[in-house]
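Have the sequence and the 3D view open side by side for this one.

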Amino acid sequence: MHCPFCRHTDSRVVDSRTTDDGTAIRRRRQCSECGRRFTTLETTTISVIKRSGVTEPFDRQKIVNGVRKACQGRPVSEDDLAMLAQEVEETIRALGAAEIEAHEVGLAILAPLRRLDVVAYLRFASVYQAFDGLGDFEEAIDVLRQQQAEQSGQQTIPAAVEPAGAGAKKRSGRRTRPRSLDGVSQPRLL
């Protein structure tokens, strides 16, 4: 380690502490030549392997930027996004791998995003998991409904089925067209 003051190559560690979040070590050093003290910060790096095979260092800000797009127009603050990115990074670091595939990063985003905002989760998942049509959305929504019901301890009810007694009128099975105030049938719009 070069001294930032005299550029001497030898220094000794005076104090060593981990940062509050535990992701780095802060070392207080003293130059053996000039005697001045300086601080170094040591961190581990995680490399992300992209689909193209290119590796780049993990960047928490990229997670925030990607999730921000999914959260556009939703009641999600910048602090919420920062906390989500920190949770994703902690999850990835807990794996203990020096390199991780970009797909794994995306999977690590899904669970905390689902807890944060289900609409943003559906937006992100639709792009990330390449939804092809409405069926994929319906399937994802059904899974969310089932998980929500399990968490609240209720029985799941499919979206298309109404619970007994939910409708005020008994339906005859025949579809009727809506009528205007003057009693004339209105054309159905498809």
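What follows looks at the sheets, then at one helix, and then at the salt bridges.

Keep in mind that this is a predicted model, in which local features need pLDDT of at least 70, side-chain atom pairs count only at pLDDT 80 or more, and totals for chains, interfaces and linings use all residues. Residues are numbered from 1 along each chain as its sequence is written, and side-chain values use heavy atoms, with hydrogens and water left out.

Let us begin with the strands. Helices and strands here are DSSP runs numbered from the N terminus, with at least four residues (H or I) for a helix and at least two (E) for a strand. Two strands are said to pair if DSSP finds at least two bridges between them.

Now zoom in on the pairings. Seven bridges join the antiparallel strands β1 and β2, and R12 has Q30 in β2 as its bridge partner. β2 and β3 also pair in the antiparallel sense, over seven bridges, with R28 standing opposite T39 in β3. Five residues lie between the strands in the hairpin of β2 and β3, where G35 takes a positive phi near 80°. As you look along any of these, remember that in a regular strand the side chains alternate between the two faces of the sheet.

Another open sheet of three strands has the order β5-β4-β6, with mixed pairing. Here β5 (55-57) and β6 are the edge strands, each with a single partner strand, so one side of each lacks a neighbour in the sheet. The twist in this sheet averages 35° from one strand to the next. Strand β4 (residues 47-49) runs antiparallel to β5, and three bridges join them; the partner of S47 in β5 is P57. Helix α3 packs on this sheet, touching β4 and β6, and its direction makes about 75° with that of β6. Contact, here and below, means heavy atoms within 4.5 Å.

Next, turn to helix α2 (residues 78-94). Which residues of α2 are buried? They are L81, L84, A85, V88, E89 and I92, where buried means under 20% relative accessible area, exposed over 50%, and partly exposed in between (1.4 Å probe, protein chains only). Seen down the axis of α2, these buried residues fall within an arc of 135°, so they line one face of the helix; the arc is that of the directions from the helix axis to the C-beta atoms. On the other side, D79, M83 and A94 are exposed. The cover over the buried residues of α2 includes α1 (60-70), β6 (99-101) and α3 (102-116).

E87 is also in α2, and is partly exposed at 31% relative accessibility. Not counting residues up to four places away in sequence, E87 touches P112 and R115. The C-alpha atoms of E87 and P112 are 7.6 Å apart, although 25 residues separate the two along the chain. After α2 comes G96, with a positive phi near 80°.

Finally, the charged pairs. A salt bridge is a side-chain nitrogen of Lys or Arg within 4 Å of a carboxyl oxygen of Asp or Glu, and the whole structure has 10 of them. One joins R27 and E42, at 2.7 Å from N to O. R27 lies in β2 (residues 24-31) and E42 in β3 (residues 37-43), so the pair ties together parts that are 15 residues apart in sequence. Another links R74 and D117, at 3.0 Å from N to O. R74 sits in the loop between α1 and α2, and D117 in the loop between α3 and α4 (118-128), so this pair ties together parts 43 residues apart in sequence. R74 is partly exposed at 29% relative accessible area, whereas D117 is buried at 8%. Salt bridges with shared partners also join R27, R29 and E42 into one network.

Technical notes:
Axes fitted to C-alpha atoms, helices over the stretch in contact; angles between N-to-C directions.
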